[in-house]
Amino acid sequence: GLGQEVVMPARYASLQRVRLGLDTFMRDRLGMKQPSRALAFYYWLQLQEQILAVIPITGCLVLTMAIYFKHTVSEPGKLTGGLISAIFGLMFFMDGLRVAIMPLGDLIGHTLPEKFKVRYILVIACALGILCTYAEPAIASLRPLADLVNRCDTPYLFLVLNDFQEILVLSIGIGVGVAAMFGVLRFLRGWSLKPLIVLSMTPTMACACYMSWGNPDLAPLIGLAWDCGGVTTGPVTVPILLSLGIGVMKGQRARQEAREVLQEKSVKNQGKSLEGFGIVTLASAFPVLAVELLSIILSIRYTRDDIRTNFGTQNCTVGAVVASAKPAAVATDAALVTDAILFALRSILPLNAFLIILIVFVLRVPLPSITFAVPIPSDLLPDEDLAASTGTFTKRTRSAEDQHHDHDDYCTDDEGEICVDEKARRKRLRQERKAKMARAVDLAAQTVSPGRREKRQASLDAQRP
């Protein structure tokens, strides 16, 4: 309640002591300054997030296989190596987005509405939506799914994931692009979000009902369509579309306020600072509709028997399938790595090239500064005592704060100027750190129950001579 002292839990006090010790070690032993130490702690937090994202789901899958299917991991070494690669890959991928993609998206979102008309903004928004879809890492998950689908069991799902995989990704991108166009129009025209959601979800639900009851062969594609809606809300699409939407909204509001000032109207804050949000909702709904429409068009173009028999070249009877079954070709590790690198380059380079060309040659503004620096946390130790680890004498001017310190820290050089004895200063700083650690321990001890506190105090008293 109010007036009660807030006591930090013991585990948080322990983490704070560890953080303080690491910060002290990096500052005094390694000579790292605040920006470098802030970046080190940032990467450590990013690594923790990826570990918490990958390890639990992997453990759940391993336990499920062991309990329900009585299977164990055949090659734990490769599994461990894959997990480590996935953790560090996700960490560097997210940091690459922060450093290289986000500044470009923010600049385009703030500059584009100021220099172009609506029709050009819509074209650029649609192109951004398509390229962001190709750059999404979750799109890569569609490739291995194609090998798990049987032509004879689910013919249309097999056709979409194998023969029309590129068309599938393009349709998802077109859905995101159309959603970006409607989102921009909503900001410029002041439309409400609810009617747009109703207009997008009504045909989506109608197509789903037709695929479920009107043409049951398309029922397996319903799940794929709705999963594709979640694929588009990944770490690439969301930041760029949000920055674009917020930039368009701010530019439109600035122009509206300017017109009101010219017309001698009072400009009032209507509390619409979150108008830029909502474009991600549309980016989740339109790809679902796009995949459903693609499935319906393919069902009109190709019959179920044509797909099952591969246009008369395959027999789907049980005996024929078993007799014609061939062992799948196993790709080498080098081939898998090469394919992954080529797929990553094909996914991310077009988006980067488009953003850079748009900024340099179309918007004609300087590229934003690229830096790995992160905001410095307030609890990092200052750099003012960094020279204490050298053991030298550094000249400095005596300030009012220095008057509170021990006079043994200061000396006089040959010219009679005041200087700092860094050895004495380092000793005093070491004592201050010990006192700070002792206060942290006392704070953590306050969270211990009274009974345990009395036992601990009794054991400490018994150990004293």
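In which hand of crossing does H7 pass H11?

1. The model is predicted: local features need pLDDT of at least 70, side-chain atom pairs count only at pLDDT 80 or more, and totals for chains, interfaces and linings use all residues. Residues are numbered from 1 along each chain as its sequence is written, and side-chain values use heavy atoms, without hydrogens and water.

2. The crossing of H7 past H11 is right-handed (the near helix is turned clockwise from the far one by less than a right angle). Helices are DSSP runs of H or I, at least four residues, numbered from the N terminus. The axes of H7 (residues 165–189) and H11 (residues 279–301) come within 7 Å and cross at roughly 140 degrees. Axes are lines fitted to C-alpha atoms over the stretch in contact, with angles from 0 to 180 degrees between N-to-C directions.

3. Gln46 lies in helix H2 (residues 34–68). Gln46 is buried, at 14% relative accessible area (buried means under 20%, with a 1.4 Å probe and protein chains only). Leaving out residues up to four places away in sequence, Gln46 touches Met91 and Met94 (contact means heavy atoms within 4.5 Å).

4. The largest nonpolar core has 37 residues, and Val184 and Leu351 touch the most other members. Such a core is a set of buried Ala, Val, Leu, Ile, Met, Phe, Trp, Tyr and Cys residues joined through side-chain atoms within 4.5 Å. H4 gives the most to this core, with 8 residues.

Key: Helix = DSSP H or I, 4+ residues; strand = E, 2+ residues; numbered from the N terminus. Buried < 20%, exposed > 50% of the residue type's maximum accessible area, 1.4 Å probe, protein only.
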